[in-house]
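Okay, thanks for having me on the agenda. I'd like to walk you through one model today, so let me put it on the screen.

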Amino acid sequence: MKKKIVILPGDGIGKEVTACGKKVLEQVAECFGHQFVFDYATIGHEAIEATGSPLPDTSLEKMKNCDAILFGAVGHPKYDNDPSAKVRPEQGLLKMRKELGLYANLRPIKLFDELLEASSIKPEILKGADILFFRELTGDVYFGERGRKDEGKTAYDTMIYSRYEVERIAHKAFKAALTRGKKVTSVDKANVLESSRLWREVVQDVARQYPDVEVEHMFVDAAAMKLIQNPRGFDVVVTGNLFGDILTDEASQIAGSMGMLASASIGDTVGLYEPIHGSAHDITGKGIANPLASILSAALLLDISFGLKEESEAVIKAVEKTLREGYRTRDIADANTAHEKILGTEVMGNVVC
Ligand code: NAI
Ligand code: MG
């Protein structure tokens with residue numbers, strides 16, 4: 001199979017982990033006789049420095065003309081403490097999602113048995129947890145009208161959803177549930193928010209088309225609690241952009257670390273694959289970032305965009321084997337991990353390869 005993949009490293013540890021994801025894809029190509037052609041594009045702080053734009057047109061063009069995208073993360077401390085910055089790395093991220101129509105962000109939360117002891121949650125609560133999040137990605141308060149009034153003394157963001165936006169993500173979630181545990185939990189805040197009342201109404205309508213799937217509606221605050229209290233109670237979760245952003249960072253603790261969670265952003269055209277974490281300035285340049293989220297994102301890419309199930313499974317097996325043999329990056333090491341088995345980013349990636 002011949003495919004063109006755009007690598008979008010971005011900023012901070014995005015660069016460090018995507019290098020490992022790419023290496024794994026190269027290894028897959030070699031082992032299975034595929035031809036993957038790679039091209040690079042810029043986004044985020046790096047792109048702002050080089051061109052003034054967080055997402056240059058040249059990057060967007062490359063992404064529109066490839067078979068799949070492997071993305072790292074964007075962000076730089078410079079902007080985090082400067083709310084007045086007009087041009088920001090995250091604008092590149094939002095523009096990319098919107099322009100490519102990537103409205104569904106799939107975030108599988110699965111704990112590798114090898115990491116049961118590394119989590120801060122009790123193993124008996126965690127064992128067997130397997131959740132698939134569908135986070136809506138191109139609507140909500142991230143894209144609603146925003147601004148300042150009263151001479152800047154008041155600020156507002158608008159939480160907004162249309163029936164169509166909720167319908168298409170709900171269908172994706174219900175279809176996925178049919179292939180899994182046949183349960184969908186829809187998370188909203190319908191007791192307070194009008195946009196959530198529409199969300200719930202639409203999900204109820206869509207649910208009627210899937211009589212084999214059990215549907216449950218949950219308020220986001222309760223969902224935040226239940227995720228940690230009883231993660232096995234969830235199968236597929238569908239929720240809006242903001243709630244999904246927050247709940248999946250929380251859910252990363254079920255999988256042991258932010259460095260373990262991969263995601264797939266899909267829409268009607270090209271698919272984009274990225275870890276759920278950000279550019280992690282606190283560990284950038286130290287060579288200690290966990291590359292497994294990027295590597296597992298590459299596995300999702302092989303499966304979802306290329307239909308290469310066996311290859312995707314081979315990558316996941318390689319990650320499992322790496323963990324079983326005791327290799328850890330610092331974020332997933334526990335008191336029992338032998339010093340020499342705590343690896344840096346690059347070596348961890350090489351072991352998986
Ligand atoms: P973050 O996700 O970058 O980091 C949160 C914490 O998790 C940090 O302590 C970090 O060291 C740790 N962590 C994250 N990924 C890890 C990995 N692979 N291995 C080991 N530890 C890992 O979120 P934070 O610190 O809130 O934001 C940093 C920057 O990233 C900000 O500028 C933010 O805007 C940006 N960001 C970008 C995202 C994206 O590009 N998709 C998503 C989230 C944040
Ligand atoms: Mg986030």
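Let's start at the ligand: 21 residues surround ligand 1, and the closest are Gly75, Gly259, His277, Gly278 and Asn290. "Near" here goes by the C-beta atom, placed from the backbone, lying within 6 Å of the molecule. The elements that give two or more residues to that shell are α1 (13-32) and α5 (89-99). Those labels are DSSP runs numbered from the N terminus, with helices being H or I of at least four residues and strands being E of at least two.

Quick housekeeping: this is a predicted model, where local features need pLDDT of at least 70, side-chain atom pairs count only at pLDDT 80 or more, and totals for chains, interfaces and linings use all residues. Residues are numbered from 1 along each chain as its sequence is written, while chains are lettered from A and ligands numbered from 1 in the order in which they are written.

Now, the sheet. 10 strands make an open one, ordered β2-β1-β3-β12-β11-β4-β5-β10-β8-β9, with mixed pairing; two strands pair if DSSP finds at least two bridges between them. β2 (35-40) and β9 sit at the edges with a single partner strand each, so one side of each has no neighbour in the sheet. From one strand to the next, the twist averages 25°.

What about the β9 end? Strand β8 (residues 183-188) runs parallel to β9 (residues 214-219), joined by six bridges, and valine 187 stands opposite methionine 218 in β9. Between β8 and β9 the chain goes through helix α8 (residues 194-207), in a right-handed β-α-β crossover. Right-handed means that, with the strands pointing away from you, the path from the first strand over the helix to the second runs clockwise.

For an antiparallel pair, look at β4 (residues 104-110) and β11 (residues 262-266), which share three bridges. There, asparagine 105 stands opposite serine 265 in β11.

Last, back to α1. The axes of α1 and α11 (residues 292-304) are 8 Å apart, at an angle of about 40°. Axes are lines fitted to C-alpha atoms, for helices over the stretch in contact, and angles run from 0 to 180 degrees between N-to-C directions. α1 and α11 are therefore oblique: under 35 degrees counts as roughly parallel, over 145 as roughly antiparallel, 65 to 115 as roughly perpendicular, and the rest as oblique.
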